[in-house]
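Hello,

Here is the structure you asked about. My notes on the packing follow below it.

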Amino acid sequence: MLEVHLVPHSHTDPGWLHTFDKYYFMSVERILDEVLTALEASPQRTFTWAETCFFARWFDGCSDGEQARVRSLVRTGQLSFVGGGWVMHDEALTNPHAMAMQMAEGHTWLRDNLNVTVHVGWQIDPFGHSTASAAVLAACGLSSQVIHRVHHVTKKRWREEKRLEFEWEVAPDQSLLTHVLYDAYTWPTGYDLEFQHKQGDPPSSYPAKVETAASGLSKLLLNRSAAYMTDVMMLPAGGDFRWDQAGHSFAFVDDVIRRINDEADHLVAQCARATGPTRVSCLKDEVRLVYSTPDRYFAALRRQPRFSTPPRWRDDLLPYADKPADYWTGFYTTRPALKALVPAATAAVVAAEWTGLAARQAAEEVAVAAVVAGASAAGAAAARASGAAAAA
């Protein structure tokens, strides 16, 4: 049986074609409003979020009642957080200290506001991946990560060798379990279930669309499973600024999942009547889909006996090329003035943090000294009073 963990998510760039504020009001606010309602409509549904900066902006604008609803979904595991940094940091140019600072910013917000501790990295869009970034994630307490942009030749070879999941060694005694997405962080080509049945389409076409999507997706997933060592797979379900019609989209995905799992039940019943090698071969075609999160997926992966000794990796995965002679390296040298400001700003922030820490420590030492001096004075006064009373 192939167990597929479907992970609904929305990749929300804080800065790309528009400003942070424009993206928020144009897309992110509606996405999170829609997702909140859609998750409450069914306890099986899940959603995964990465960019803390956008979530914090939205959450701070929620009413007390809405915030309580969010916390409830977090407690049940329907709403999960990955990465957890203020943003999804670049891995080719950003220095490790800056990576760690922005991770700390996001993780602190999540802990203080939602009591969330992040365990899975979600580096699905940086243009290449570095050991330095993996080491920072491990140092931040993460035990696994999902990545995507690996050189096309390397990814093709890893598919053939079943090496898309491995332990990334970041120190002699520390590693990060890493999952490389099969080809993208979006829905599989041809099976974008958010748009298979658009609002306004004839209701009469709905059953056929569900059947077509379920049948085709099952075959695609069986083909993809050849690239992995175990019988569990992760299927990212989303894309850039997606799930802005979450109620409508989840309803269609619900029905596709139900149809695939009904077919799996029917196959199991058929296989039960077979014997020997025929039965084993029959069950290999069984596909089951479940709404899931990266945390749940990695937990299932670690339980697989065939994954007891995963492959190991130690090097960087840079530079990145998605097809022949198409290297994503131009950003290494563009905008030099802006890049010069980054280390200068980082140094200023670090200096301020250390100055603040030193000031707090000095204040604490003064306070302790005052308490000690006060206690000593009180003790001396008590001793004098005791001596005077004895003399009398």
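**Helix packing, core and rings**

Helix 1 (residues 20-40) and helix 8 (residues 246-272) pack with their axes 8 Å apart, at an angle of about 40 degrees. That angle makes helix 1 oblique to helix 8, oblique being whatever is left once under 35 degrees counts as roughly parallel, over 145 as roughly antiparallel and 65 to 115 as roughly perpendicular. Axes are lines fitted to C-alpha atoms, for helices over the stretch in contact, with angles from 0 to 180 degrees between N-to-C directions. Helices (H or I, at least four residues) and strands (E, at least two) are DSSP runs, numbered from the N terminus.

This is a predicted model: local features need pLDDT of at least 70 and side-chain atom pairs pLDDT 80 or more, while totals for chains, interfaces and linings use all residues. Residues are numbered from 1 along each chain as its sequence is written, and side-chain values use heavy atoms, without hydrogens or water.

In the contact (heavy atoms within 4.5 Å), Glu34, Val35, Ala38 and Leu39 of helix 1 meet Ala246, Gly247 and Phe250 of helix 8.

The largest nonpolar core has 73 residues, and Phe55, Phe81 and Leu221 have the most contacts inside it. Such a core is a set of buried Ala, Val, Leu, Ile, Met, Phe, Trp, Tyr and Cys residues joined through side-chain atoms within 4.5 Å; buried means under 20% relative accessible area, exposed over 50% and partly exposed in between (1.4 Å probe, protein chains only). Helix 1 supplies the largest share of this core, 9 residues. A second, separate core of 18 residues includes Val82, Leu177, Tyr185 and Val232.

Leaving aside residues up to four places away in sequence, Phe55 touches Leu32, Trp49, Val70, Leu79, Phe81, Trp109 and Leu114. Phe55 is also one of the buried residues of helix 2. In helix 2 (residues 52-60), 7 of the 9 residues are buried, so this helix is largely enclosed by the rest of the structure. Its cover includes helix 1, strand 2 (47-49), helix 3 (64-76), strand 3 (79-81) and helix 4 (96-114).

There are 24 aromatic pairs, counting rings of Phe, Tyr and Trp (its six-membered ring) with centres within 6.5 Å; planes under 30 degrees apart are stacked, over 60 edge-to-face and the rest tilted. Trp158 and Trp313 have ring centres 5.2 Å apart and planes at 80 degrees, so the pair is edge-to-face. Trp158 is in helix 6 (residues 152-161) and Trp313 in strand 10 (residues 312-313), so the pair ties together parts 155 residues apart in sequence. Both are buried.

Regards
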